[in-house]
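Here are a few notes to read alongside the model. Take them in order, with the structure open next to you.

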Amino acid sequence: FVTNFVNAGDRLFVNVVRFASTASQVTGLIELTTDAVAATLGNFIGSLSQGGNGSATNHQAAIDVARNSLLGQGLVADKMIIDISTDGNTTTGGDPIAAAANALAAGVTTNAIGIGNGIDVTFLDALTTAGGGFSMLAADFAAFEASLRLKLFREIQGVPEPSTIGLMLLGLAGLSFAR
């Protein structure tokens, strides 16, 4: 991952927030310095169990926890990104569009991958437009890895050197996946 995605001189930091009806930070900031560190993080994310009851997705809480985590680290970054990966459409607990707009006002972009054929594309577009980002779709979890690779390439490549990237990977409506 680091070899293929991170430009020489760049620094890439990641942390994980898992959400369903609530949201919680699962890891602190981890700097992806080598492919081995990235693989360890990927294996950890893949080992996460499904959280919540699967019937509610609190996108607002996820964005708020991610934003507060990024901004609370004292990190100086050229880019700060919240990546939401979700199969959920039923939003509970507030206004995720406003949360994405608030994150953008604080300098944090919100991007998303919707997984499955039941995703509300209008919602994802509104969320990422308010958050200054973009959304992508993955037909199912088998297609998720390819979509994630495309999204990460789009986010990471082309960053002026030297730079620091604050990247937040959000996991993911309690759904586990493998890199």
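1. Helices (H or I, at least four residues) and strands (E, at least two) are DSSP runs, numbered from the N terminus. By that count the protein has six helices and seven strands. Walk along the sequence and you get the pattern α-β-β-β-α-α-β-α-β-α-β-α-β.

2. A word on the source: this is a predicted model, where local features need pLDDT of at least 70 and side-chain atom pairs count only at pLDDT 80 or more, while totals for chains, interfaces and linings use all residues. Residues are numbered from 1 along each chain as its sequence is written, and side-chain values use heavy atoms, with hydrogens and water left out.

3. How confident is the predictor? Its confidence in each residue is given as pLDDT, from 0 to 100. The mean for the protein is 79, and 83% of its residues reach 70 or more. Helix α4 (residues 96–105) has the highest confidence, at 96, and strand β7 (residues 164–170) the lowest, at a mean of 37.

4. Please go carefully with residues 158–179, where pLDDT stays under 50. For this stretch the model has 106 contacts beyond four places in sequence, a contact being heavy atoms within 4.5 Å. Where pLDDT is low, the predicted coordinates should not be read in detail.

5. Now the protein overall. Of its 179 residues, 49% are buried; that means under 20% relative accessible area, with exposed over 50% and partly exposed in between (1.4 Å probe, protein chains only). Among contacts with a separation of 6 or more, 73% are between residues 24 or more positions apart.

6. Which residues of α2 are buried? They are A38, L41, G42 and I45. These four cover an arc of only 100 degrees around the axis, which puts them on the same side of α2; the arc is that of the directions from the helix axis to the C-beta atoms. An α-helix has 3.6 residues a turn, so residues three or four places apart point the same way. The buried residues pack against α1 (2–5), β1 (11–19) and β3 (30–31), whereas A36, T40, N43 and S47 are exposed on the other side.

7. Helix α3 (residues 59–71) also has 13 residues, and reaches 18 Å from its first C-alpha to its last, close to the expected 18 Å. Its buried residues include H59, D64 and R67. A61 is buried in α3 too, and its C-alpha is 6.3 Å from that of T22, 39 residues away along the chain. T22 sits in the loop between β1 and β2 (23–25) and is exposed, with a relative accessible area of 57%.

8. Back to α4, where N102 lies. N102 counts as partly exposed, at 47% relative accessibility. N102 and R67 are 35 residues apart in sequence and 8.9 Å apart in space, C-alpha to C-alpha.

9. Leaving aside residues up to four places away in sequence, K151 touches D83, N111, A112, I113, F134 and M136.

Terms used. pLDDT = per-residue confidence, 0-100. Expected span 1.5 Å × (residues − 1).
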